[in-house]
Amino acid sequence: MDVRWEGFENSTVADAVNEGVRKAYLNPDNVLRASVLDDPLFGRRNTRDNTPAVIHTELVQGAEVEVTVAAKGGGQRETSRSL
């Protein structure tokens with residue numbers, strides 16, 4: 001709750017996460033398969049960049065942010081990092 005975000009003018013944390021996911025999956029060195037569907041019920045169109053990301057947030061006391069990433073597509077690797 002004591003974290004200050006910079007660079008999020010007119011956007012949300014979800015916007016920033018989705019932009020990071022988009023850049024990672026569109027990177028030519030990415031070996032993971034993009035498999036997220038835009039409208040899984042009707043359109044079933046692959047977004048080709050794995051967005052929108054599944055994002056879970058929880059506000060807690062303190063001045064740190066912990067981010068856990070589970071990169072999906074053609075395999076999974078999980079990384080946890082405190083910032």
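I will start with P52, whose place is in the loop between helix 1 and strand 1. The peptide bond from T51 to P52 is cis, with omega near 0 degrees.

Some conventions before going on. This is a predicted model, where local features need pLDDT of at least 70 and side-chain atom pairs count only at pLDDT 80 or more, while totals for chains, interfaces and linings use all residues. Residues are numbered from 1 along each chain as its sequence is written, and side-chain values use heavy atoms, with hydrogens and water left out.

Now the overall picture. The protein has one helix and two strands, and from the N terminus on the elements run α-β-β. Of its 83 residues, 13% are buried. Buried means under 20% relative accessible area, exposed means over 50%, and partly exposed is in between, with a 1.4 Å probe and protein chains only. The protein exposes about 7200 Å², and carbon and sulfur atoms supply 50% of that area. Those areas come from the Shrake-Rupley method with a 1.4 Å probe; for residues, only the protein chains shown count as cover. Taking contacts between residues at least 6 apart in sequence, 43% join residues at least 24 apart. A contact is a pair of heavy atoms within 4.5 Å.

Next, helix 1. How far apart are its end C-alpha atoms? They are 20 Å apart, which agrees with the 20 Å that 14 residues should span at 1.5 Å a residue. The expected span is 1.5 Å times one less than the number of residues.

Which residues are buried in helix 1? They are N18, V21 and Y25. These residues cover an arc of only 60 degrees around the axis, so they sit on the same side of helix 1. The arc is taken from the directions from the helix axis to the C-beta atoms. As background, an α-helix has 3.6 residues a turn, so residues three or four places apart point the same way.

N18 has a relative accessibility of 15%, which is why it counts as buried. Leaving out residues up to four places away in sequence, N18 touches T51, P52 and A53. That brings us back to the cis bond, which runs from T51 to P52. A14 is also in helix 1; its relative accessible area is 31%, so it is partly exposed. The C-alpha atoms of A14 and T57 are separated by 9.7 Å, and the two residues are 43 apart along the chain.

On to the charged residues. Side chains of opposite charge can pair when their charged atoms come close. A salt bridge here is a side-chain nitrogen of Lys or Arg within 4 Å of a carboxyl oxygen of Asp or Glu. By this rule there are two salt bridges.

One is between R22 and E19, with the closest N and O atoms 2.7 Å apart. Both residues lie in helix 1, three residues apart, about one turn of the helix. R22 counts as partly exposed because its relative accessibility is 28%. E19 is at 33%, so E19 counts as partly exposed.

The side chains of R22 and D49 also meet in a salt bridge, 3.1 Å from N to O. This pair links distant parts of the chain, with R22 in helix 1 and D49 in the loop between helix 1 and strand 1, 27 residues apart. Is D49 buried or exposed? D49 counts as buried because its relative accessibility is 9%. Not counting residues up to four places away in sequence, D49 touches V21, R22, Y25, L26 and A34. Taken together, E19, R22 and D49 form a network of salt bridges.

Most residues other than glycine have a negative phi, and most peptide bonds are trans. R48 has a positive phi, near 70 degrees, and is not a glycine. N50 is not a glycine either, and has a positive phi of about 60 degrees. R48 has a relative accessible area of 59%, so R48 is exposed. N50 is at 7%, so N50 is buried.

Notes. Helices (H or I, at least four residues) and strands (E, at least two) are DSSP runs, numbered from the N terminus.
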